[in-house]
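I opened this model to look up two things.

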Amino acid sequence: METYKFDKSMELFKKATTLIPSGIYGHESPAILVPGSFPYYAERGQGSHYWDIDGNEFIDYICAYGPMVLGYNHPKVEAAVSEQSKKGNCFNHPGPVMVELAEKLVNLVSGMDWSVFAKNGSDVTSWSIQVAREHTGRSKVLMVSGAYHGAHAWCTPGHAGLIAEDRSNVHLFTWNDESSFHQQIEKYRGEIAAVIMTPYHHPAFGDSIMPADGWWQTIQKTCNEEEIVLIVDDVRAGFRLDPRGSHVYFGFEPDLVCFCKAIGNTHPLSACMGKDKFKNDASKVFLTGSYWNSSVPMAAACAVLDVMAEENSVKIMMDMGEKLMKGLEDLAKTHGLQVKISGPYSIPFMRFANEDNFLRNQLFCAEVTKRGSFFHPHHNWFLSSAHTEDDINKTLEHADAAYKIVKDEFGS
Amino acid sequence: MNSEQVLSRIYLRAVLPLLEEVVGYDDVAKEMVKSWKCSIMLHQAGGPATTLVFRNGKCDALRRSITIPSIALYLTEPAKLNAMFQGQNVIPIPWMGFWHVGILAKFTELTKRLEYYMQPTDEVLSDKANYAFIVKLMLYAAVFGACEVANHDDHVASLSQNTAEGVLQIKILPDGPAAYIKKTGGVFSAAKGEAPGAADAYMDIEGVQLAYELFSGQTDAMAALGLTDIRIRGLIPFVDNVNAFLDRLSVLLP
Ligand SMILES: Cc1ncc(COP(=O)(O)O)c(C=O)c1O
């Protein structure tokens with residue numbers, strides 16, 4: 001099979017580097033993939049597929065890094081978008097759709113009594129910490145080492161442009177390690193405003209790790225006893241494990257929950273939801289942005305929630321993900337290769353079990369991508385409810401060819 | 001360690017040993033040392049030492065003390081050592097072998113040859129061979145300097161602790177030079193050339209000009225990666241962290 005070329009992507013990128021620092025920055029930077037083996041610029045998308053500017057078509061298993069959940073250009077979502085766009089997007093006031101969306105979310109998400117909106121995940125993770133500080137009068141925050149909560153100074157994984165004070169109130173503990181958690185609780189007793197955690201651990205460059213038995217119960221009990229606000233960062237997993245919130249999937253009750261990504265099916269929106277007892281604190285913490293009250297993404301989100309309920313999107317994603325990951329595992333065996341699958345099926349990850357340095361995974365994902373299925377070697381993948389059995393079968397064909405190349409190159 | 005202490009380590013372990021290369025390349029330096037048969041040890045009180053051994057017209061840099069050097073220069077504080085490397089008039093105390101003090105003046109002359117390449121004029125740089133040589137010095141200073149930062153600088157302590165063990169191989173294409181950084185047993189170390197066996201991360205730099213621009217902070221590395229002029233593969237977080245150590249190195253080294 002003739003594999004894809006990315007000449008136009010490269011040409012445009014060359015121009016971009018003269019105009020834009022890094023050319024493409026952040027999580028979509030080609031530097032964190034395998035440059036030369038991946039597309040740089042997308043042209044259009046439909047369902048579970050998208051096309052790059054070289055005309056290459058991809059079955060998409062990264063889903064815009066999460067925001068695509070029902071399929072690109074989803075008819076019901078886009079109809080809601082175009083209807084709202086005709087009326088307008090930003091005004092001197094929010095649109096009535098803001099109240100409609102808040103009501104839908106409060107009715108849907110378990111244990112949450114109110115909602116506010118912003119644009120990005122980082123907006124709401126940072127704001128939720130302010131709410132916790134306002135509520136407790138304390139300054140410190142505990143988070144899991146290696147977790148990602150956004151690009152703001154207190155949590156960015158970047159190194160540049162930071163000062164020591166940015167992190168001086170943020171302390172780390174290890175996922176699934178109760179003694180490491182309790183050590184920090186004891187060390188900073190009476191000073192901790194919030195514990196912020198993702199519902200399961202999904203670090204880049206690593207396996208996804210589910211909560212150990214009793215982990216969430218320990219966290220919740222300790223937070224309750226110590227009067228620490230428990231914040232769940234459901235930005236990545238939200239609406240892919242359980243539409244009522246990933247805390248329902250894992251069986252615990254947080255105080256505040258942050259959503260983004262899937263909520264708008266590619267239309268920019270994030271939300272922070274909370275329990276009643278934090279509502280007055282939330283009301284005091286200044287929250288705004290030039291575009292944060294825009295109506296179009298909120299109209300999109302209303303449609304997204306409706307479609308998710310109608311079609312049971314989570315089940316489709318789980319089923320398709322299971323077929324994909326079991327298929328990849330079986331195929332690897334036929335090639336005499338060992339892979340390690342981790343994470344829930346709707347947000348899976350795979351790497352080769354006999355390496356920690358990702359060299360095989362980089363080659364494998366590049367070869368699969370060059371054949372038409374977009375896989376990321378270092379970041380968890382995402383399924384959408386638009387993925388079909390046909391997609392999975394085609395992807396397994398791409399994987400078969402790529403496994404062969406890995407086997408030839410590495411031997412095992 | 002504070003910045004002065006880290007900087008003195010960088011001078012001793014990453015910069016001073018470059019004399020080894022200078023003596024191998026520079027005709028003026030070669031001429032100076034051709035009859036030298038001595039060892040010069042620089043020792044920072046309570047800190048590291050580097051010994052330069054001269055014989056047969058060559059210089060070997062040992063990143064340690066030796067028992068009986070011909071001459072030992074003792075610097076009481078990191079700040080003094082740093083000032084000396086920055087060209088200020090600091091007189092180190094020769095606490096051993098002061099009868100060899102005549103060598104000291106000559107040694108100072110020799111270090112000027114290092115400066116000639118480390119702070120090159122446009123004219124020096126315009127020579128192709130010099131340019132390639134300077135890039136080699138920059139590469140070696142970078143890998144050894146990055147290790148001093150990673151091992152000792154409080155600013156990067158948690159990053160350095162959280163870096164997985166492994167080997168990063170850096171190579172300037174097509175024919176080198178190459179060098180590698182290794183973390184084993186919690187300690188970073190560097191070496192010239194290619195690492196024995198497979199590395200965990202690779203960084204290939206397309207040509208000496210790009211390498212020069214990269215090491216002198218004149219290029220957008222992320223853009224160069226996207227353009228595939230710099231290629232990294234394997235354990236990318238290792239590369240990323242080394243990059244942070246190098247950024248810190250460039251802040252420390254004036
Ligand atoms: C768990 C988690 N939290 C927060 C964020 C930050 O979201 P954003 O990039 O929209 O600011 C992300 C983004 O990937 C995420 O995955």
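My notes on the ligand site and the sheet follow.

I am working with a predicted model, where local features need pLDDT of at least 70, side-chain atom pairs count only at pLDDT 80 or more, and totals for chains, interfaces and linings use all residues. Residues are numbered from 1 along each chain as its sequence is written, chains are lettered from A and ligands numbered from 1 in the order in which they are written, and side-chain values use heavy atoms, without hydrogens and water.

**Ligand site.** I looked up the shell first. It holds 13 residues, and A:Gly121, A:Ser122, A:Asp233, A:Arg236 and A:Lys261 come nearest (near: a heavy atom within 4 Å). I then read off polar contacts (pairs of N or O atoms within 3.5 Å). A side-chain N or O atom of A:Ser122 is 2.5 Å from a ligand oxygen. A:Asp233 places a side-chain N or O atom 2.6 Å from a ligand nitrogen. At A:Gly121 a polar backbone atom is 2.7 Å from a ligand oxygen. The protein covers 87% of the 380 Å² of accessible area that the ligand has on its own (Shrake-Rupley, 1.4 Å probe).

**Sheet.** I traced seven strands in an open, mixed sheet of chain A, ordered S4-S10-S9-S8-S7-S5-S6 (strands: DSSP E runs of at least two residues; pairing: at least two DSSP bridges). Strands S4 (114-118) and S6 (170-173) of chain A are the edges, each pairing on one side only. Neighbouring strands are turned by 20° on average, direction ignored (axes fitted to C-alpha atoms, angles from 0 to 180 degrees between N-to-C directions). I checked S4(A) against S10(A) (residues 270-274): five bridges, antiparallel. A:Phe117 stands opposite A:Ala271 in S10(A).

Key
Polar contact = N/O pair within 3.5 Å; in protein donor to acceptor, adjacent residues only side chain to side chain. Helix = DSSP H or I, 4+ residues; strand = E, 2+ residues; numbered from the N terminus.
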